Amino acid sequence: MTGKRIASVLAHRLAILAYVVFALFPLYWLLKVSVTPNKLLYSEGIKMWPSQTSFEHFDFVLKHSEFPTFFKNSLIVSGSTAIIVTVLASLAGYAMSRFTFRGKYWIVTLMLLTQMFPLVMLVAPIFKMLSPLGLTNSLTGLVIVYTAFNVPFATFLMQSFFDGIPKDLEEAAMIDGATQFVAFRQIILPLTLPGIAATLGFVFTAAWSELLFSLMLISGNDSATFPVGLLSFVSKFSVDFGQMMAAGVMALIPACLFFLLIQRYLVQGLTAGAVKG
Amino acid sequence: MASHAAARNGGARRDQRPLKKRLADASAPYLYSAPALILIVTVMLVPLVLGISYAFRDIQLLNPFSGGFIGLDHFKTLSQDQNFYRALKNTLWWTGWSVLLQFVLGLILALLLDKPFAGRAIVQALVFLPWAVPSFLAGLNWAWLFNPVVGPIPHWLFSLGLMSEPYNILSDPQLSMWGPIIANVWWGIPFFAITLLAALQAIPRDLYEAASIDGAGPVQRFISITLPFLAPTIAITVLLRTVWISNFADLIIVMTNGGPADRSQIVASYIFTQAFKRLDFGYASAIALVLLALLITYSMLIVILRQWLLSKD
């Protein structure tokens, strides 16, 4: 191995290391402050690791704040959204993948269009539409809105997974007398399980992160989701850094779990999404 | 010949299906996509149309007497709104720098990850992790890093002599925009890296081998093989990301809330402020309509430019 080659390998590893540090440092800092006891927070503010650690902030957040409620609300909203979107997107994605029909072009255009226009434009009209129905300040209202926002992308995603499954499979079943829907449910869906898991993960993460619409539609603490709760906590008690970051670490956990789950499909899924929508 | 007859025969037989069965077959794809379509139309298309109508009406949430049509009044106010022009300028700044830095750093990361090395799978999971962080949390996390009380960044800049004393750049009118931009770059690099990596891995490897046998150096190989192959992906991701980022208000709302003194307000966050804080839905919709028109114009220009470049070849 020549010197030049060693140098290029070394530069490559160093560059990779720089990216890893840049990606992880903010999250590391979040974790570090969340386990720093209050008395050391200011004296050891910029040390890389505190001389003592404690879970007092987590304890306080879990027992004396409303974060468990926010966490539960977010879990309900994101979980229901993910499940409903995946069901709707499987059906629509199957239609896009297996049928040629006259309206297909228009449906694809409509779905692409919804990916283009600014969602912030819909904040005011959606509030006006949901408020007479009693769906503002309600988790159901949020689930409806998030479901609609996520269905187009999820449909393209599911379509690309269906496209990867040979047509002969359900044709064989239909020759044996099954209807197409039975073939879809009993043969094609089980084969698409990895795709379904990826779609669930994508949608869950998207709903878990959404901020603008839940800020606009939710006003009370009872049905606040995690982002809204954390933000109001920040503006009210902006000095309790340890508690805020402990809450932040908690908000990170479900998103990271889902990320690890869908990580393998990221390249495949985003490519499909980027090319089509 | 026989198969031809069979096909024709099959065609004829299909026409003899009972009307009910034919109708059921024709409607099947629509039935599969109906639930998704109904939802998209009622929750996205109807509000879009309503929103466009709001732009020409006086709609204030707390004022029961509002609601009348006022023609172009909102747009007249808008044409003299200095805050709007500043937000427009900030949008260009915010979108331009965010997309440029995300793209360049994302491309470099994708090229680094395209080379096989030990532990690549783990490294890939780690560098893509910021993408999984909820955007509001990314904003808060960076706001804390910039805060001299608990964050290290002001102290580092102070030690490097770049700051006279450790202070928060988010409250500096000249620099506040850079806080959300840096957070956005951190958060968005994985998107570009993932899409470009997928495109890189689709390039046939023998092309590179052939080129190195012909004596092409690494730079030459990059310019004559990698870039042309990546070009379509780059074009579409940059276009989509530009539109998306110019609408992306979360980080700004969380980190600076447009402040100090509207210095980091972009059009999207300005719309949200008008709707959420002032409850002036009419004016908010008028601004949103202008933003939509600008984004459509931008997308059209890019598409026309692409057509022109393709026809030149």
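In this predicted model, the centres of domain 1 and domain 2 of chain A, taken over C-alpha atoms, are separated by 33 Å. Domain 1 of chain A covers residues 3-54, and domain 2 of chain A covers residues 65-276. In chain B, the C-alpha centres of domain 1 and domain 2 lie 36 Å apart. Chain A and chain B also touch each other: 73 residues of chain A are in contact with 66 residues of chain B.

**Domains**

- Contact between the two domains of chain A involves seven residues of domain 1 and six residues of domain 2.
- On the side of domain 1 of chain A that touches domain 2 of chain A, helix 1 and helix 2 (38-41) each supply at least two residues.
- Helix 1 of chain A gives the most to that side of domain 1, with four residues.
- By residue type, the side of domain 1 of chain A that touches domain 2 of chain A has four nonpolar residues, three polar residues and no charged residues.
- For chain B, the domain assignment gives domain 1 as residues 15-54 and domain 2 as residues 79-312.

**Where chain A meets chain B**

- The contact between the chains takes in 73 residues of chain A and 66 residues of chain B.
- Helix 1 of chain A, residues 3-34, provides the largest share of the side of chain A that touches chain B, namely 12 residues.
- The side of chain A that touches chain B consists of 60 nonpolar residues, 12 polar residues and one charged residue.

**Fold and overall shape of chain A**

- Chain A contains 14 helices and zero strands.
- The C-alpha trace of chain A spans about 75 × 75 × 35 Å along its principal axes.
- The radius of gyration of chain A is 23 Å, while a compact globule of 277 residues would have a value near 19 Å.
- Of the 277 residues in chain A, 45% are buried.
- Among contacts in chain A between residues at least 6 apart in sequence, 77% join residues at least 24 apart.

**The nonpolar core**

- In soluble globular proteins, nonpolar side chains tend to be buried together.
- The largest nonpolar core in this model has 160 residues.
- The residues with the most contacts inside this core are A:Val120, A:Val123, B:Ile271 and B:Ile287.
- Helix 7 of chain A supplies the largest share of this core, 16 residues.
- Apart from its neighbours within four places in sequence, A:Val123 is in contact with A:Leu212, A:Phe213 and A:Met216 in chain A, and with B:Phe272 and B:Ala275 in chain B.

**Individual residues**

- A:Asn137 lies in the loop between helix 6 (123-130) and helix 7 (139-163) of chain A.
- The phi angle of A:Asn137 is near 60°, which is a positive value in a residue other than glycine.
- A:Asn137 counts as partly exposed because 16 C-beta neighbours lie inside 10 Å.
- B:Ala261 lies in the loop between helix 11 (250-255) and helix 12 (267-276) of chain B.
- The phi angle of B:Ala261 is near 50°, again a positive value in a residue other than glycine.
- B:Ala261 has 11 C-beta neighbours inside 10 Å, so B:Ala261 counts as exposed.
- B:Leu100 is part of helix 4 of chain B, residues 82-114.
- B:Leu100 counts as exposed because it has 12 C-beta neighbours inside 10 Å, and the cut-off for an exposed residue is 12 or fewer.
- B:Leu100 and B:Phe146 are 46 residues apart along the chain, and 22 Å separate their C-alpha atoms.

**Confidence in chain A**

- The average pLDDT of chain A is 85, and 93% of the residues score at least 70.
- Within chain A, confidence is highest in helix 4 (residues 67-98), at a mean of 93.
- Confidence in chain A is lowest in helix 14 (residues 266-276), at a mean of 49.
- Residues 271-277 of chain A have a pLDDT below 50, and this stretch has 19 contacts in the model beyond near neighbours in sequence.

Technical notes: Residues are numbered from 1 along each chain as its sequence is written. Chains are lettered from A and ligands numbered from 1 in the order in which they are written. This is a predicted model: local features need pLDDT of at least 70, side-chain atom pairs count only at pLDDT 80 or more; totals for chains, interfaces and linings use all residues. Ala, Val, Leu, Ile, Met, Phe, Trp, Tyr, Cys and Pro count as nonpolar, Asp, Glu, Lys and Arg as charged, and the others, Gly among them, as polar. Domain bounds come from an automatic or database domain assignment. The radius of gyration is taken over C-alpha atoms; the globule rule is 2.2 Å times the number of residues to the power 0.38. A residue is buried if 20 or more other C-beta atoms lie within 10 Å of its own, exposed if 12 or fewer, and partly exposed in between; C-beta atoms are placed from the backbone. pLDDT is the predictor's confidence in each residue, from 0 to 100. A nonpolar core is a set of buried Ala, Val, Leu, Ile, Met, Phe, Trp, Tyr and Cys residues joined through C-beta atoms within 7 Å.
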